[in-house]
Amino acid sequence: MKFGTKILHGEGSIDKNTGALSTPIYQTSTYHQFDIENFGKYDYSRSANPTREVLENSIAELEGGKYGYAFSSGMAAISSVLSIFSAGDHIIVCGDVYGGTYRAVTQLFSRFNIEFTFVDASENLNIKNAIKENTKAIYLETPSNPLLKIIDLKASIKLAKECGAVVIVDNTFMSPYLQRPLELGADIVVHSATKFIGGHSDVIAGLAVTRDEAIGKRIYQIQNTFGAILGPQDCWLILRGLKTLKVRMKESQKNAEELASWLEDREEVEAVYYPGLDSHKGKDIHFSQAYGGGAVLSFKLKNLEKTTEFLNKVTNVAVAVSLGAVETIVSYPVKMSHASIPKEEREKLGVTDTLIRVSLGIEDIEDIIKSFEDALVK
Ligand SMILES: *Cc1c(COP(=O)(O)O)cnc(C)c1O
């Protein structure tokens, strides 16, 4: 079954009890036990909830994994996955990682004596050089945020296998429609389902998937112990968003391709970062591991004044934090997603105050281009 069919007719798409096409919202905390000696499958909703279970099974199926877990946010998913590691473990993290993940790693997990090394993972050699005896995981994001750098997943997975480390991939930017790291041999995929998977700017959620039973058990133990689960109403919203993932992603990607080429031809624009462009350094690697360039791009203007003017002037889009919605979202990384990274670190990564990120929605692209033009021209 192909992806577009699987999201509609996969496991759990029809409620087994009633035949309902829309998964019932089991808004319950606890469950009556009909036999005190043999408890039923459900006993308490932190441990398991039927609505959440449908979402968890669906994402596992769509990512090509076996075990899925739904959390109250992307950060809850990421923090819970990082919690399967212990003091003394070493984790290699890609340099331009999501700002919240950077904060979790540097300000929370390092306090528990988990060691982290940040590397520019777009050069595979940097990963190789960072491997130590106690390296237990390699944490990657490709395309990266906000410069859309590409990491060679297959080469990274090979390095990890050689040293017995697990590979964790934050697949938020691509969604399982465009990239499935588990199928390439990665061990864990995490998502901010707040973004493309939910798709409608109306819910905060996170997901984690693995195909390895032992890793799955450890993630489940953290999910149940730490308790950052996704509530049944929000699970339903994510399930509803998932149904249109393919059509939204396709349309948004088409818009991104058009805007990227248009921006590349503008003299006001200094650089455009989009893996679908021929000028993108990582294009070939990206297309060897993903099915499209995605719907997020970023670009740099000539100076801060122009950048501020553009952000204040641009219309028909949301100027906001976040991405992956039906509406186009224009973000300003230095004041938004990357505000928690010190200026010096940020500039080293290329996240300057002239950098603008765009997550394309499903509007008519002519209107978006027109409003970009108006905002660029004085
Ligand atoms: C938004 C985002 C997160 C964090 O997810 P939340 O749902 O906001 O907690 C993690 N990784 C990436 C790539 C993101 O874009």
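This is a predicted model: local features need pLDDT of at least 70, side-chain atom pairs count only at pLDDT 80 or more; totals for chains, interfaces and linings use all residues.
**Confidence**

The protein averages a pLDDT of 96, and 100% of the residues score at least 70. Going through the elements, I found the highest mean pLDDT, 99, in strand 7 (residues 206-210). The lowest mean, 85, belongs to helix 13 (residues 343-349).

**The ligand**

Next I turned to the ligand and its surroundings. I find 14 residues around the ligand, and Gly74, Met75, Asp170, Thr194 and Lys195 come nearest. By type, the shell holds six nonpolar, five polar and three charged residues. Helix 3 (residues 74-82) gives the most to this shell, with three residues.

Thr194 places a polar side-chain atom 2.7 Å from a ligand oxygen. For Ser192, a polar side-chain atom lies 2.8 Å from an oxygen of the ligand. Gly74 uses its backbone instead: an N or O atom there lies 2.8 Å from a ligand oxygen. How much of the ligand does the protein bury? Taken alone, the ligand exposes 380 Å², and the protein buries 93% of that.

**Glu258**

My last stop was Glu258, which is found in helix 10 (residues 245-264). Is Glu258 buried, partly exposed or exposed? I note it as partly exposed, because its relative accessibility is 38%, between the cut-offs of 20% and 50%. Beyond its neighbours within four places in sequence, Glu258 is in contact with Ile365 and Ile369. I also checked Arg211: its C-alpha is 36 Å from that of Glu258, and the two residues are 47 apart in sequence.

Definitions and conventions:
Residues are numbered from 1 along each chain as its sequence is written. Side-chain values use heavy atoms; hydrogens and water are left out. pLDDT is the predictor's confidence in each residue, from 0 to 100. Helices (H or I, at least four residues) and strands (E, at least two) are DSSP runs, numbered from the N terminus. Buried means under 20% relative accessible area, exposed over 50%, partly exposed in between (1.4 Å probe, protein chains only). Contact means heavy atoms within 4.5 Å. A residue is near a molecule or strand if one of its heavy atoms lies within 4 Å of it. A polar contact is a pair of N or O atoms within 3.5 Å; within protein, one must be able to donate a hydrogen and the other to accept it, and residues adjacent in sequence count only if both atoms are side-chain atoms. Accessible areas come from the Shrake-Rupley method with a 1.4 Å probe; for residues, only the protein chains shown count as cover. Ala, Val, Leu, Ile, Met, Phe, Trp, Tyr, Cys and Pro count as nonpolar, Asp, Glu, Lys and Arg as charged, and the others, Gly among them, as polar.
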